[in-house]
Amino acid sequence: MGMTMGEKILARASGKEFVKPGEIITAKVDLCMSNDGTTHLNIDIFEKQLKAEKVFDPKKVIFIVDHNVPSESAKTAQVHKKMRIFAQKHEIPFYEGTGVCHQIMIEDFVVPGQLVIAADSHTCSYGGLGAFGTGVGCTDFTSVMNTGEIWLMVPETLKFEIEGSFKAGVYARDLILKIIGDIGANGANYRIMEFGGPAVKNFTVDDRVVLCNMAVEAGAKTGLVEADQIAIDYVKTRGRHDMNLYTSDEDAVYENTYQYSLDELEPMIAIPHCVDDVVGVTQIGEVKIDQGFIGSCNNGRIEELRAAAQILQGKKIDPYVKLLISPASKAVYLEALAEGLIDIFVESGAMVLNPNCSVCWGSCQGVIGEGETLISTGTRNFKGRAGHPNSSVYLASAATVAASALTGKITDPRGFVV
Amino acid sequence: MINVITGKVWKFGNDVDTDQIIPSQYLLLPNVEEMKQYTFEPLDENFASTVCPGDIIVGGENFGSGSSREQAPLVLKALGVSAVVAKSFARIFFRNAINIGLPVVICKEVYDAVEQKDTLEIDVLKGTIKNVTKDQNFTSTKLPAHVMNILEAGGLIGFLNKK
């Protein structure tokens with residue numbers, strides 16, 4: 001019996017020849033990362049409960065301030081200060097205000113074949129580079145930060161075979177919303193979502209990350225795409241050369257296999273308040289919006305910004321709608337500046353924000369009020385996610401958000417792209 | 001050793017996500033004591049002021065979905081919630097709860113048979129749940145031995161410190 005690529009990564013990390021679903025392993029962690037959403041608690045556990053003195057490897061523990069940055073209150077500033085002091089003391093990499101944590105990890109740290117544990121649910125994003133990333137809470141993270149090890153149950157794997165090619169105005173974002181709508185918010189609970197097939201072989205790393213990032217919204221432990229030359233080139237151009245390439249065996253066992261064709265896919269919308277309540281844009285009817293948001297670890301990279309800019313170029317957004325755009329990292333921001341995308345956004349009336357979790361996190365920037373409606377490229381549309389408990393969040397692609405900001409209502413972007 | 005848990009039920013629906021248990025805007029408060037007054041604010045703003053120590057949360061499918069915030073099980077524990085019973089749990093919430101020593105119990109059948117304020121008696125070790133109010137008995141899924149060892153140590157820190 002063969003293994004899936006996810007099983008192979010876990011076997012390697014636990015020093016075994018073979019692992020199978022259901023088995024509990026103790027694995028060595030290649031990297032671990034924590035952000036300002038929980039690190040203040042991690043530090044308390046590390047110092048007061050574990051009474052630990054050292055992190056397991058200062059090169060493999062990364063702290064990133066990205067959730068409430070710049071700080072909006074004195075209490076938050078104190079939390080950031082606590083992180084900064086700890087990072088300095090333990091001489092670990094520290095980032096503040098330079099991007100969403102997962103984008104920084106993908107740009108600067110992750111390589112194919114790694115096992116990465118981070119105190120954030122969207123750690124599954126690293127599957128875009130063929131790495132096994134999974135999110136944990138404070139206690140697990142703190143234990144990893146101290147010992148470099150974690151116990152994990154080997155999950156079953158679900159295979160998603162994608163073929164065909166996107167029509168103009170349809171993106172990887174629409175595909176993952178469609179998949180989550182089909183299998184449900186716990187349709188992949190405890191499982192690996194492995195994305196493959198001829199279409200995915202041609203996907204850029206950005207698009208692969210879009211798919212893997214939202215695996216957790218279907219309950220998955222991680223999302224994975226086999227690392228190929230596209231992934232290898234991505235990390236090598238960023239100066240990283242040591243990696244492990246894993247492919248799933250032909251006789252690997254999958255719990256289930258799903259087939260998708262991109263040829264028929266239309267822009268998709270997740271409607272409030274569940275990520276799996278998904279409809280095609282043509283079925284959405286008239287939905288007025290108060291705000292649009294383009295950004296987040298799911299959809300704030302250069303390709304999404306280009307798609308939005310193509311629609312906004314030379315046009316003005318609706319005067320009663322706000323459009324907030326936060327590039328996912330400093331590198332993405334600089335690229336957008338060099339390509340003239342930021343000019344297009346500002347000219348259109350959009351507000352361009354510093355790279356951070358921003359509106360997707362619903363706590364720091366662009367919080368919406370009672371009865372307001374947001375259309376967002378963020379990761380979640382839970383009740384109250386973007387502000388007031390009685391507000392609404394629709395999830396869509398950057399192109400759909402841009403088109404909607406122009407008209408003031410949820411709009412099919414296909415009428416705006418060539 | 002985990003004793004038999006007895007408490008009154010607070011019943012919630014399917015897909016109770018961690019943003020409902022503790023919204024984002026309270027996560028960076030300095031500690032859990034300051035956060036706990038906002039528990040379940042979007043669903044029931046009186047929850048934190050009326051929940052009693054020992055009470056039990058009962059949820060449907062996919063309880064604790066969404067973010068990895070350990071603050072979610074932490075605020076429940078800080079308010080004295082003694083256990084969470086659900087048809088299914090999202091994996092990170094489940095792990096976090098075990099890691100802080102908050103019993104999480106998987107049972108498909110009890111949800112539809114239980115009402116708000118019923119009294120449940122949960123034996124985590126045996127894998128049984130009794131609805132004392134309605135005199136009904138249910139079976140819950142037993143935890144793997146490794147996971148049970150962590151829970152019995154009061155959480156992962158206790159488990160690691162014992163090793």
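I started at His273(A), which sits in the loop between β12 (268-270) and β13 (278-280) of chain A. Helices here are DSSP runs of H or I with at least four residues, strands are runs of E with at least two, and both are numbered from the N terminus. The peptide bond from Pro272(A) to His273(A) is cis, with omega near 0°.

A note on the source: this is a predicted model, where local features need pLDDT of at least 70, side-chain atom pairs count only at pLDDT 80 or more, and totals for chains, interfaces and linings use all residues. Residues are numbered from 1 along each chain as its sequence is written, and chains are lettered from A and ligands numbered from 1 in the order in which they are written.

I looked for another cis bond and noted the one from Val69(A) to Pro70(A), with omega near -5°. Pro70(A) is in the loop between β3 (61-65) and α3 (74-90) of chain A.

Next, the cysteines. An unreviewed UniProt entry puts a "binding site" at Cys297(A), Cys357(A) and Cys360(A); UniProt positions are in the numbering used here, feature names are shortened, and annotations may be inferred rather than shown by experiment. They are spread over 64 residues of sequence but cluster in space, with a largest C-alpha distance of 9.0 Å.

I checked Cys297(A) and found it in helix α10 (residues 296-299) of chain A. Cys297(A) counts as buried because it has 29 C-beta neighbours inside 10 Å (buried is 20 or more other C-beta atoms within 10 Å, exposed is 12 or fewer, partly exposed is in between, with C-beta atoms placed from the backbone). Beyond four places in sequence, its contacts include His102(A), His122(A) and Thr379(A) (contact is C-beta atoms, placed from the backbone, within 7 Å).

Cys357(A) lies in the loop between β16 (351-352) and β17 (373-376) of chain A. Cys357(A) is buried too, with 32 other C-beta atoms within 10 Å. Among the residues that Cys357(A) touches are Asp66(A), His67(A) and Ser296(A).

Ser296(A) lies in helix α10 of chain A.

Last, I looked at the domains: chain A has domain 1 (5-260) and domain 2 (270-415), with bounds from an automatic or database domain assignment. I noted 32 residues of domain 1 of chain A in contact with 31 residues of domain 2 of chain A. α6(A) gives the most to the domain 1 side that touches domain 2 of chain A, with 6 residues.

Technical notes:
Contact = placed C-beta atoms within 7 Å.
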